[in-house]
Amino acid sequence: MADYTKLAAETRTKFGKGAARKLRAADKIPAVVYGHGTEPQHITLPGHETMLLVRTANAVVDLDIEGAAQLALVKDVQRDPVRQIIEHIDLVVVRRGEKVTVDVPVVVEGESFSGTIHVQDLSSVSLLVEATDIPEHVTVDVEGLEDGAQVLASQLELPAGAELETDAEALVVQIVTPRGTADDDAADEAAAEAGAEAGAEGGSAPVDSE
């Protein structure tokens with residue numbers, strides 16, 4: 001990531017649920033910035049810009065806290081479980097060149113062999129990467145893979161400089177043949193044919209007449 005979203009933040013001096021409600025009513029979001037041995041800074045962020053920012057996992061933001069510049073990583077976003085509005089955000093101070101551990105989404109691309117599907121066992125993997133160069137996702141290509149094929153975490157193609165923190169033997173994606181297709185369909189057809197032949201050989205039962 002070369003460019004960072006810039007947000008103007010304000011120092012927050014009032015706390016509690018009532019103060020937080022007033023901030024959200026004014027389209028602002030309560031947040032805290034901490035890390036690197038610094039005292040936690042309680043701030044407010046602009047609502048709309050912040051909501052756009054956190055759509056991306058592991059977003060790095062260039063904060064302007066009343067004139068003081070601070071680079072920070074979005075660590076946690078707390079939302080109302082019903083309305084899904086952002087209630088609070090935790091940000092961690094980062095320095096250029098340092099490495100951090102983050103969970104990066106896994107995106108599957110391509111089509112596996114005809115008649116098969118891919119099953120994704122891991123939606124994200126943990127990577128140790130430079131704080132200012134966090135990848136948006138890691139890609140797995142399943143193009144042409146046949147039934148039984150597996151992709152382990154150790155087989156992922158990682159961005160330059162990234163180190164895998166997830167267990168190397170963890171299963172990320174596997175290729176399977178869905179039940180009810182291929183062999184199952186063939187077996188059903190064979191059973192139906194056998195039943196039809198048995199019925200033809202046995203004929204129909206005689207009917208008594210008086």
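**Figure 1. Surroundings of Asp90 in the predicted model.** A polar contact of 3.2 Å links the side chains of Asp90 and His88. The coordinates shown here and in the following figures belong to a predicted model. Asp90 is part of strand E6, which spans residues 86–93. Although Asp90 is buried, no salt bridge is formed by this residue. The nearest side chain of opposite charge is that of Arg12, at a distance of 7.6 Å. When neighbours within four places in sequence are set aside, Asp90 is in contact with Val32, Tyr34, Leu73, Val74, Lys75, Asp76 and Gln78.

**Figure 2. The protein chain as a whole, as context for the close-up views.** The protein chain has 210 residues, of which 32% count as buried. Its secondary structure consists of 3 helices and 13 strands. Of the contacts between residues at least 6 apart in sequence, 62% join residues at least 24 apart. The accessible surface of the protein chain amounts to about 13,000 Å², and carbon and sulfur atoms account for 48% of this surface.

**Figure 3. The open sheet of 4 strands, E10-E7-E9-E12.** The strands follow the order E10-E7-E9-E12, and their pairing is mixed. Strand E10 (138–141) and strand E12 (163–164) form the edges, each pairing on one side only. Within the sheet, strand E7 (residues 99–109) and strand E9 (residues 124–130) are antiparallel and share 7 bridges. In general, strands of a sheet pair through backbone hydrogen bonds, in either a parallel or an antiparallel sense.

**Figure 4. The salt bridge between Lys99 and Glu163.** The side chains of Lys99 and Glu163 meet in a salt bridge with an N to O distance of 3.2 Å. Lys99 belongs to strand E7 and Glu163 to strand E12, so the pair ties together parts that are 64 residues apart in sequence. Lys99 counts as partly exposed, with a relative accessibility of 37%. Glu163 also counts as partly exposed, at 39% relative accessibility.

**Figure 5. Thr166 and its contact with the backbone of Ser126.** Thr166 is located in the loop between E12 and strand E13 (171–176). A polar atom of the Thr166 side chain lies 2.7 Å from the backbone nitrogen of Ser126. Not counting residues up to four places away in sequence, Thr166 touches Leu122, Val125, Ser126 and Ala153.

**Figure 6. Strand E13 and its pairing with strands E8 and E11.** Strand E8 (residues 117–120) runs antiparallel to E13 and is joined to it by 4 bridges. Within this pairing, the bridge partner of His118 is Ile175 of E13. Strand E11 (residues 150–152) likewise runs antiparallel to E13, with 3 bridges between them. Here Val151 has Val173 of E13 as its bridge partner.

Figure 7. Strand E1 and strand E4 (residues 60–65) pair in the parallel sense over 5 bridges. In this pairing, Lys6 has Asp62 of E4 as its bridge partner. E1 also runs antiparallel to strand E3 (residues 38–46), and 2 bridges join these strands. Glu10 has Thr44 of E3 as its bridge partner. The side chain of Glu10 meets that of Lys28 in a salt bridge of 3.1 Å, N to O. Lys28 lies in strand E2 (residues 28–35) and Glu10 in strand E1 (residues 5–11), so this pair ties together parts that are 18 residues apart in sequence. Lys28 counts as partly exposed at 28% relative accessibility, and Glu10 counts as partly exposed at 38%.

**Figure 8. The salt bridge between Arg83 and Asp80.** The closest N and O atoms of the salt bridge between Arg83 and Asp80 are 3.8 Å apart. Arg83 is exposed, with a relative accessible area of 59%, whereas Asp80 counts as buried at 12% relative accessibility. The count of salt bridges comes to 3. In general, side chains of opposite charge can pair when their charged atoms come close.

Terms used: Residues are numbered from 1 along each chain as its sequence is written. This is a predicted model: local features need pLDDT of at least 70, side-chain atom pairs count only at pLDDT 80 or more; totals for chains, interfaces and linings use all residues. Side-chain values use heavy atoms; hydrogens and water are left out. Two strands pair if DSSP finds at least two bridges between them. Buried means under 20% relative accessible area, exposed over 50%, partly exposed in between (1.4 Å probe, protein chains only). Lys and Arg count as positive and Asp and Glu as negative; His and the chain ends are not counted. A salt bridge is a side-chain nitrogen of Lys or Arg within 4 Å of a carboxyl oxygen of Asp or Glu. A polar contact is a pair of N or O atoms within 3.5 Å; within protein, one must be able to donate a hydrogen and the other to accept it, and residues adjacent in sequence count only if both atoms are side-chain atoms. Contact means heavy atoms within 4.5 Å. Accessible areas come from the Shrake-Rupley method with a 1.4 Å probe; for residues, only the protein chains shown count as cover.
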